[in-house]
Amino acid sequence: MAAERSARRLERMEDLVSLCARRGFVFQSSEIYGGINGFWDYGPLGTELKNNLKSLWWQRVVRERPDVEGIDTAIIAHPRTWEASGHVEHFSDPLVDCRACKKRFRADQVGDAGPCSARQGSSEHDFTEPRNFNLMLRTHIGASEDAAAVAYLRAETCQSIFNDFKRVRETSRQKIPFGIAQLGKAFRNEINPRNFTFRSREFEQAELEFFCHATEREKWFSHWTDERMRFHRELGLAGDRLRTRAHATDELAHYARAAVDVEYLFPFGWQEIEGIHDRGSYDLSRHGEYSGKDLGVTDPETKEHYVPVVIETSVGIDRTCLAVMVDAYAEETLEDGETRIVMRFHPALAPIQVAVLPLSKKLAEPAHRLESELRRRFNVFYDDAGNIGRRYRRQDEAGTPFCVTIDFESAQDEKVTVRERDSMEQERIPIGAVGAVLAERTGALR
Ligand code: ATP
């Protein structure tokens, strides 16, 4: 029984990094060339996990909300976008160089720099004065590499929501208050990518910009803070490893009225996975000013013409995936002294929902029949090789919540054994009921 087993949570990130590489969740991008710092590839299991997370976000934030529209914009926006948003001028981190070892650090993180490898008689770095380093990744559009063709890979997904605000509002016939959401890649030339995927140079964000009248800003800010916490709890990130942290007034961006971070307790400390911000009317006003278009709205009753206030929720998909993996990881010592690593994902997030495991290759026919029936509803893995205990362990590491084994009795009694990942309990049920039983047990999030 689960209660009798001792379980150890993830303590060292290296254990998760190695599991992720070993099982193909996430690994260095361009691995065969030695990797590229700050870029990661998701393998088959990681991609399924991430896709499940993204669909759940889309489901909760867009589909279930009559007052939210979802869009998908180009990664490269008109360069004026980033002037209007303030990114060209302000989106920078202070960096320092070490004159001896030539390494670069964020000025606010030199405490973590470690010893200098190049100085004689001292292990202290010889730092330059801090200078600002713009984090936007630049590229050139068109055949000529002149300044006129400079463009940026988006540093956040929300700016094109502001660009498209007027058209989306008009075409969807939404009235204030309403929101526009988008999910996609963002790019930042981070000075020190680190902590696995936590700080990457290419990552995914899921953002909602909710437009309201200034008189309702507190109400919507608190509504969305509650909604987003509910979402994180639903993923299983509950309890004492999830918290909100309100920004102090001196931490706020100059245009922001309020900000709350959703933080998770990683092995490397409390860190932000989502930001909820009251951005005021700064964005729409700036884009209105830079584009020369009126991005204001007119209240149909009072006829007041105003620029809406924006409440933003901005979550990192990769960071949340990392939190989900950290949270799911457990090393258990079983009654017989053996240890198993088990990823206790919520069944609806698990990359594979069910594994079909015939006890013998001779049972391939009924096993494949069940497999193809289940494939219409779940992500299924079929494995007929090796001893059953080892096959269960592999599924535990992948986080598969259910394994269905077919044995020689199955042909007689039309029953199969369903084994549950966390309790390891086994139950014999009619083969025809497997689909419905699993749908009920895995489908809670959908
Ligand atoms: P940080 O202070 O950690 O750099 P931030 O406050 O700049 O983050 P935001 O601009 O508010 O982050 O972005 C919203 C979300 O996008 C973050 O909560 C995080 O989940 C994600 N995110 C931001 N930068 C990165 C990154 N370099 N790698 C992975 N995810 C990121």
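Strands are DSSP runs of E with at least two residues, numbered from the N terminus. The legends below describe close-up views of a predicted model.

**View 1. The shell around the ligand.** The ligand is surrounded by 14 residues, and the closest are E190, R199, S200, E272 and I273. Strand 14 supplies the largest share of this shell, namely four residues. By residue class, the shell around the ligand comprises six charged, five polar and three nonpolar residues.

View 2. The side chain of E272 places an N or O atom 2.7 Å from an oxygen atom of the ligand. An oxygen atom of the ligand also lies 2.9 Å from a polar side-chain atom of R188. At F198 the backbone takes part: one of its N or O atoms is 3.2 Å from a nitrogen atom of the ligand. The ligand taken alone exposes 590 Å², of which the protein buries 82%.

View 3. Two or more residues of the shell around the ligand come from each of strand 11 (202–212), strand 14 (269–280) and strand 17 (309–316).

**View 4. The setting of G288 in helix 8.** Helix 8 spans residues 282–291 and contains G288. G288 counts as buried because its relative accessibility is 13%, and the cut-off for buried is under 20%. Between G288 and A253 the C-alpha to C-alpha distance is 20 Å, with a separation of 35 residues in sequence.

Conventions: Residues numbered from 1 in each chain as written. Predicted model: local features only at pLDDT ≥ 70, side-chain atom pairs only at ≥ 80, totals over all residues. Heavy atoms only, no water. Near = heavy atom within 4 Å. Polar contact = N/O pair within 3.5 Å; in protein donor to acceptor, adjacent residues only side chain to side chain. Areas by Shrake-Rupley, 256 points an atom, 1.4 Å probe, with all protein chains shown as cover. Nonpolar A, V, L, I, M, F, W, Y, C, P; charged D, E, K, R; others polar. Buried < 20%, exposed > 50% of the residue type's maximum accessible area, 1.4 Å probe, protein only.
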